[in-house]
Amino acid sequence: MRILGLVVVLATAMALPVQATAADRSAGRLDRVREARVVRVCIWPDYYSITYRNPKTQLLSGIDIDLAAELGRDLGVAVQFVDSSFAKLIDDVTQDRCDLAMFAVGVTPLRAEKLRFTRPYLASDIYAITTRSNRRIKDWEQIDTPGSVVAVAKGTLHESIMKEKLKAAQLLVLDTPFAREQEVQAGRADVFLTDYPYSQRFLATTDWARLVAPPSTYHITPYAYAMKPGDDAWVARIERFVGDIKRDGRLLAAARRHKLEAIVAP
């Protein structure tokens, strides 16, 4: 009987964390964040000016690093950054690996089917990067021509957009942004496509790259914060945060620090 009692006690003790976890899941995300005193923020640590981890110092910088800190202050909680990527974005958010994604996530129809977005806080057109020595591509109109190779990173909005827009050029989809850059630098691709933040930082940190900009608006994409659908109170709280940083100047101040004021959404 003593052994049986011990077994029952152990079984009950082992079940308690499971029951607590189930109860925790039933609570709203805002309550869980406040109780845990931490908000988990998914970032892409290779996104220059947005959420960039310096490979030498391991320090994070960028507009959304600054604004995540502001969100933490507003909620009265710490911020825990969770490494993600555009390829993993939907899984990471919907599988509860983070409470929201804050890395200038482009609002696309495919993502909007799976995620909830705030109002946009940035918006960018598409830009191309080629080498200074590339003779094939002199201007934007020469990109979509027979023989041209256009590199994009897998999972980014540029992949889906260019699958529709390119008619003559070859689209090369690569696993990482670094792979697309290497292909262009090596001459195996003519250009890689990116957005305003990444292009500006990339040009500032390389000596071989040249920007090719569209002569007029090509495809403006709004950027917003992304969350798992289904928790209206949490979405409303993050939406309120976006409205607050627009009204009180924190968004514009952060954009200026990272030279992104040109793409702040109204």
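Helices (H or I, at least four residues) and strands (E, at least two) are DSSP runs, numbered from the N terminus. The structure is a predicted model, in which local features need pLDDT of at least 70 and side-chain atom pairs count only at pLDDT 80 or more, while totals for chains, interfaces and linings use all residues. Residues are numbered from 1 along each chain as its sequence is written, and side-chain values use heavy atoms, with hydrogens and water left out.

The largest pocket draws the largest share of its lining, four residues, from helix H8 (residues 196-205). A pocket is here an open set of points on a 1 Å grid over the protein atoms alone, where a 1.4 Å probe fits, with protein on both sides within 12 Å along at least five of seven lines; lining residues have an atom within 4 Å of a point. The volume of this pocket is about 310 Å³, counted as the space filled by probe spheres set on the points, which are joined across faces, edges and corners. Among its 15 lining residues, Tyr48, Ser49, Arg201, Ala204 and His258 are the closest to the centre.

The search of the whole structure also finds one disulfide, defined as a pair of cysteine sulfur atoms within 2.5 Å. Its partners are Cys42 and Cys98, with sulfur atoms 2.2 Å apart. Cys42 lies in strand E1 (residues 38-43) and Cys98 in the loop between helix H4 (89-94) and strand E6 (100-106), so that the pair, 56 residues apart, links distant parts of the chain. Because the torsion about the S-S bond of Cys42 and Cys98 is about -100 degrees, the disulfide is left-handed.
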